[in-house]
Amino acid sequence: MLTTIERRQKIVLMTEEYGKVNVKELAKTFDISEVSIRHDLNELGKRGLVVRSRGGAIACDKLAKELSVKDKHNENYAVKVLLAKAVANLVDDGDSLIIDSGTTTEEVAKALTNKQGLTVMTNGLNIAHVLADIDDANVFMLGGQLRKKSMSFYSNEVEQALSKYNFKKVILGVDGIDSEAGITTHYEPEAMLNRTMCTRADKVIAVTDSSKFGKRALYNVLPLKSIDVLVTDKNMPAEFIESLTSLGIEVITV
């Protein structure tokens with residue numbers, strides 16, 4: 001019979017090995033109650049050894065870290081430029097778009113300069129600044145409170161106002177993406193706004209580099225089945241791409 005300390009050490013090792021653990025499975029493995037396992041996970045979470053999630057825990061290195069917009073600009077920049085060009089190829093002259101906040105989506109905005117007659121709504125202050133230089137684009141800015149870390153606006157009133165609009169496409173940035181959690185982000189009001197954005201567009205285009213795969217931010221935005229197109233790079237795991245295509249999702253790699 002393992003001591004509490006020994007059991008918790010094994011739980012940490014299992015979490016690091018598998019990336020995540022489940023309360024029910026741990027209870028069976030150690031032949032103790034689920035209440036005891038939840039207590040173990042809570043204590044390990046308080047010590048920063050695992051990250052508690054619904055029904056279990058995930059390894060600390062599986063949790064996506066939030067960077068500021070300034071820091072994100074330099075992260076995988078060359079790949080972001082390629083991704084942006086691929087997304088721009090999906091945009092037609094005269095399209096109506098919602099562009100999510102973020103540095104990858106900012107590169108998308110830069111890649112749209114040759115498009116004609118666009119109508120674009122965004123919650124990203126940096127993105128609105130880029131779009132302002134496109135003479136032939138009608139630009140709408142979602143208002144609310146500015147979150148300086150992501151340079152994005154949000155509010156409950158904005159979500160309600162979006163119900164009055166219809167768009168052809170939404171271009172959605174990603175903080176984390178994996179097979180089970182789908183698309184995730186770090187801030188709950190932004191997650192809620194992103195979900196509303198996606199309900200107002202005919203097509204959901206998600207764009208992310210492969211470094212975000214297998215990472216989970218705290219708040220769920222969308223399940224994978226709600227994406228129409230994923231634009232990513234060639235280093236995204238082949239098995240993940242296969243699982244997406246089996247769901248009828250178009251995957252474009254650069």
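Lys-46 and Glu-43 sit three residues apart in helix H3, about one turn of the helix. They form a salt bridge, with the closest N and O atoms 3.5 Å apart. Keep in mind that this is a predicted model. Lys-46 is exposed, at 68% relative accessibility. Glu-43 is partly exposed, at 25%.

Stay in helix H3. Glu-34 and Arg-38 are both there, four residues apart, again about one turn. Their salt bridge has its closest N and O atoms at 3.4 Å. Glu-34 is partly exposed at 29%, and Arg-38 is partly exposed at 37%.

Now the sheet. What is the strand order? Three strands form an open sheet, S1-S3-S2, with antiparallel pairing. S1 (20–22) and S2 (51–53) are at the edges with a single partner strand each, so one side of each has no neighbour in the sheet. On average, neighbouring strands are turned by 25° against each other, direction ignored.

S1 pairs with S3 (residues 56–58) over three bridges. Lys-20 has Ile-58 in S3 as its bridge partner. Helix H3 (residues 34–46) packs on this sheet and touches S1, S2 and S3. Helix H1 (residues 4–18) lies across S1 and S3, at about 125° to S1.

Next, helix H6 (residues 103–110). Glu-107 and Lys-110 are three residues apart there, about one helical turn. Their salt bridge has a closest N and O separation of 3.2 Å. Is Glu-107 buried or exposed? Glu-107 is buried, at 6%. Lys-110 is partly exposed, at 36%. Elsewhere, shared partners link Lys-20, Asp-178, Glu-180 and Arg-216 into one salt-bridge network. The salt-bridge count comes to 12.

How values were computed
Residues numbered from 1 in each chain as written. Predicted model: local features only at pLDDT ≥ 70, side-chain atom pairs only at ≥ 80, totals over all residues. Heavy atoms only, no water. Pairing = 2+ DSSP bridges. Helix = DSSP H or I, 4+ residues; strand = E, 2+ residues; numbered from the N terminus. Axes fitted to C-alpha atoms, helices over the stretch in contact; angles between N-to-C directions. Contact = heavy atoms within 4.5 Å. Salt bridge = Lys/Arg side-chain N within 4 Å of Asp/Glu carboxyl O. Buried < 20%, exposed > 50% of the residue type's maximum accessible area, 1.4 Å probe, protein only.
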